[in-house]
Amino acid sequence: MKEVNELTRRLLAEGWKPEDTPPGTHPYKDYYGGWTYTGEAIRSMVWETPCGLLADGRHFLNGYMSYQGVDWRPENGNPVICCPVFPSAPCPLRDPLLCNERYDLHSNDVVYQCACHQVDRPYTYEGSIDEAHDRLWKEAGERWEVFKAQHNGRVCRQQSRYGRTTKTWRAFYDPIDCANLGCCSYCDVLAKELDTRKGNVFYDLRRSWTVKGEGLFPDQRKTIVEKGCKLLGSTASLTLCEAIVKYGRGRIEDRVRSEFHHDLFFDKSLEIEIINLRAARVDKRDILQDLQDVANGIEVIHAADSLKAAKAQKRARREAAKARRIRKAEAMVLAHGWDGLEDIWKRRAEKLLGGDRIDELLQQRQAPKEAPPAETQICLYSSVLDQSPDAA
């Protein structure tokens, strides 16, 4: 049972009973601390931060914060809102219980939550938290133009981050993100138009590990090379694919190593290496190189073949599962008839069998069953007597 909130204490003092539902509230629930405001009631409220900024109720519709044993919510008259100033030091106007509450965003923002109190005056944009946020992002846009000029325009705003506490921009560039988003036709970082031809980034994955020997057999080093692995889930501009090959090798290696994290942890002899990183429209196989690798004792597999085999196995499993469902539906029709089937089995039979097959099964069920052939019992005793000399 949750502690009774301030709204409920006030309504109980006014004479309301738990079985009542005062205007603007949800029915009484012990789990929520009594009565809680409806969304319409919260939207109609106006709140104020400790520094005097107004906030309308829509800012407090997405849940509430529990911290230091307090529920910071409209029902307690203390909902919190993100400070739009993003100061580097705590504000002395904040609630003492919130003085140590902070968290970093994007590793360069210090975010503080401020407790608000309800006011009776109407909401105005001037002097509101919305105006403060808009002013902050307007300043960020102005600082971006300066930052962009300092880098001769070779920065991407989509991949840059603005520190609202330090009021500085930081530039990043990861062409893998650009390829996944696919929202640009011109790259500011590369300062060129993106090639309209699409392709992918391919690489070969070499895995080597030691197989422990037994008895007189020594340890053996085994190597497998999986060729033609695709990096991107879908095709992207060849310009971005080439940029990934040039600038994104570190992220590719981190991604691949994370996929084999379990094996690398338990097998210290395992070595993983990405070789032949390339950008191409279609991956082509080098048969001569494959033969040379096999001759050197390296097992060669192709990602396309593995994917094709996996799809074939998945298709076979689906077909087998469907065949089992069909046999089950046929057995149910034969055992119970159409009128004796539950509605769910009727729908399954119609979907799996079709009308013609259902009619055929019903006719088969109504047909008289043939009597099983009489079993012939062989009497070994009489056969032995017939073959004895005395019987002759």
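**Close-up views of the predicted model**

View 1. Among the elements of the chain, strand 1 (residues 46–48) has the highest mean pLDDT, at 96. The lowest belongs to helix 12 (residues 380–386), with a mean of 48. The structure is a predicted model. Its chain has a mean pLDDT of 89. Of the residues, 92% reach 70 or more.

**View 2. Strand 14 and strand 15.** Strand 14 (residues 198–211) and strand 15 (residues 220–230) run antiparallel. The two are joined by 9 bridges. R206 has V225, in strand 15, as its bridge partner.

**View 3. Strand 14 and strand 17.** Strand 17 (residues 271–280) also pairs with strand 14. The sense is antiparallel, over 8 bridges. F202 is shown with its bridge partner, R278 of strand 17.

**View 4. Strand 14 and strand 16.** Strand 16 covers residues 236–237. Strand 14 is joined to strand 16 by 2 bridges, and the strands run antiparallel. Here K198 faces S237 of strand 16 as its opposite residue.

**View 5. A positive surface patch.** Which residues form the positive surface patch? They are K322, R324, R325, R327 and K351. Which helix gives the most to the positive patch? Helix 9 (residues 303–336) does, with 4 residues. R324 is a patch member and lies in helix 9.

Note on methods
Residues numbered from 1 in each chain as written. Predicted model: local features only at pLDDT ≥ 70, side-chain atom pairs only at ≥ 80, totals over all residues. Heavy atoms only, no water. pLDDT = per-residue confidence, 0-100. Patch = residues over 30% accessible without salt bridge, like charges linked within 9 Å, V, L, I, M, F, W, Y side chains within 5 Å. Areas by Shrake-Rupley, 256 points an atom, 1.4 Å probe, with all protein chains shown as cover. Salt bridge = Lys/Arg side-chain N within 4 Å of Asp/Glu carboxyl O. Lys, Arg positive; Asp, Glu negative; His and termini not counted. Charge placed at Lys NZ, Arg CZ, Asp CG, Glu CD. Pairing = 2+ DSSP bridges.
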